[in-house]
Amino acid sequence: TPDGVFPSEQKSLFAPPYKIIYDLRRGTWELFDIARDPGEVTNLFDDRPDVATNLRERLLTWTDHSPLATNRTNELIAGARLAAEPHMQHPMHVRFGDIMELLGYDLPKDQLHINETFRATFYYRVLRRTRRPVLMTVSFDPTDNVPIWPLFIARHHPLEGRYPTTEWNPGEILRDEVSLRVDPEMRPVVLRSFFSIEIESDATRIPPTTQGTPDFRVALAPITILP
């Protein structure tokens with residue numbers, strides 16, 4: 001849909017014989033040759049950059065400028081721009097290179113049952129616009145070191161995918177709300193949670209200037225998953 005509810009929203013464009021799909025929840029792109037691969041098994045996004053780039057721009061242009069009443073991109077971006085640094089439950093003030101400063105975040109609930117939704121609100125100070133899109137990621141590690149469902153991760157462009165870092169304006173303060181459903185595939189466990197940012201094209205993480213882990217993530221408050 002052009003204006004679904006994050007994090008389950010997907011956007012796609014079918015331009016025969018190709019179909020491109022953007023998954024906002026995972027921050028991933030897929031490209032399929034429907035004529036040869038009707039089951040959508042082989043992702044050609046990296047192998048056919050000529051086709052992928054063209055269709056990606058067509059899809060983003062449509063969703064950004066569609067006259068549909070449900071398209072609220074500009075309204076959402078305006079509402080997420082703050083006049084001043086807000087009061088935050090967890091202030092941090094961690095810079096990621098010369099791109100942005102994570103001012104802090106709010107975490108309404110740190111204990112969640114299966115089928116509930118993890119919600120957090122992050123606050124950024126924009127330092128500069130990027131040439132390549134940068135993704136924000138909230139990830140989780142189990143404290144018992146037993147693997148969890150790998151899709152329990154919020155990897156996204158800011159503001160529900162509607163305000164990529166390639167469009168940012170230096171000096172802005174942005175509110176970025178993140179939602180992630182605790183699907184039945186999860187299990188009861190205590191999770192260490194982390195925030196990181198990475199270049200979309202090659203998944204290179206931008207090192208934080210302070211408080212960073214060896215893999216360039218910043219630790220957040222732990223989360224407990226209950227039955």
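**Notebook: backbone, sheets and salt bridges**

The model I am reading is a predicted one. I located Glu40 in the loop between β3 and α1. I looked up Glu40 for its backbone: its phi is positive, about 55 degrees, although the residue is not a glycine.

**Entry: other backbone points**

I noted for reference that most residues other than glycine have a negative phi, and that most peptide bonds are trans. Phe216 has a phi near 65 degrees, a positive value in a residue other than glycine. I placed Phe216 in the loop between β12 and β13. With 36% relative accessibility, Phe216 counts as partly exposed.

I then checked the peptide bond that joins Pro16 and Pro17 and found it to be cis, with omega about 5 degrees. Pro17 belongs to the loop between β1 and β2.

**Entry: the sheet of 3 strands**

I traced an open sheet of 3 strands in the order β1-β2-β3, with antiparallel pairing. Its edge strands are β1 (10-15) and β3 (28-33), each of which pairs on one side only. On average, neighbouring strands of this sheet are turned by 15 degrees against each other, direction ignored.

I followed the pairing of β2 (residues 18-23) with β3, which is antiparallel and extends over 6 bridges.

Strand β4 (residues 81-82) is joined to β11 (residues 173-181) by 2 bridges, and the two run antiparallel. Here Arg81 has Leu174 of β11 as its bridge partner. Between β8 (residues 117-126) and β11 I found 9 bridges, with the strands running antiparallel. In this pairing Thr121 has Glu177 of β11 as its bridge partner. Strand β6 (residues 100-106) is joined to β8 by 6 bridges, also antiparallel, and Tyr105 has Phe122 of β8 as its bridge partner.

**Entry: salt bridges**

How many salt bridges does the structure hold? I noted 19.

I examined the pair Glu200 and Arg56, whose closest N and O atoms are 3.4 Å apart. Glu200 lies in the loop between β12 (189-199) and β13 (218-219), and Arg56 lies in helix α1 (residues 49-65), so this pair ties together parts that are 144 residues apart in sequence. I found both Glu200 and Arg56 to be buried.

I returned to Glu177, which forms a salt bridge with Arg175, the closest N and O atoms being 3.7 Å apart. Glu177 counts as partly exposed at 44% relative accessibility. Arg175 counts as partly exposed at 27%.

I also looked up Arg181 and Asp183, which form a salt bridge with closest N and O atoms 2.4 Å apart. Arg181 is partly exposed, having a relative accessible area of 33%. Asp183 counts as buried at 8% relative accessibility, because the buried class lies under 20%.

I noted a network of salt bridges that links Asp141, Arg205, Asp215 and Arg217.

**Entry: a buried histidine**

Is His156 buried or exposed? At 1% relative accessibility, I counted His156 as buried. His156 has its place in strand β10 (residues 154-156). The side chain of His156 makes a polar contact with the side chain of Asp176, at 2.9 Å.

**Entry: helix α2**

I asked which residues of helix α2 (residues 73-80) are buried. I found Thr73, Leu76, Ile77 and Ala80 to be buried. Viewed down the axis of α2, these buried residues fall within an arc of 95 degrees, so they line one face of the helix. On the other side of α2, I noted Asn74 and Glu75 as exposed.

Notes:
Residues numbered from 1 in each chain as written. Predicted model: local features only at pLDDT ≥ 70, side-chain atom pairs only at ≥ 80, totals over all residues. Heavy atoms only, no water. Buried < 20%, exposed > 50% of the residue type's maximum accessible area, 1.4 Å probe, protein only. Helix = DSSP H or I, 4+ residues; strand = E, 2+ residues; numbered from the N terminus. Arc of directions from axis to C-beta. Polar contact = N/O pair within 3.5 Å; in protein donor to acceptor, adjacent residues only side chain to side chain. Pairing = 2+ DSSP bridges. Axes fitted to C-alpha atoms, helices over the stretch in contact; angles between N-to-C directions. Salt bridge = Lys/Arg side-chain N within 4 Å of Asp/Glu carboxyl O.
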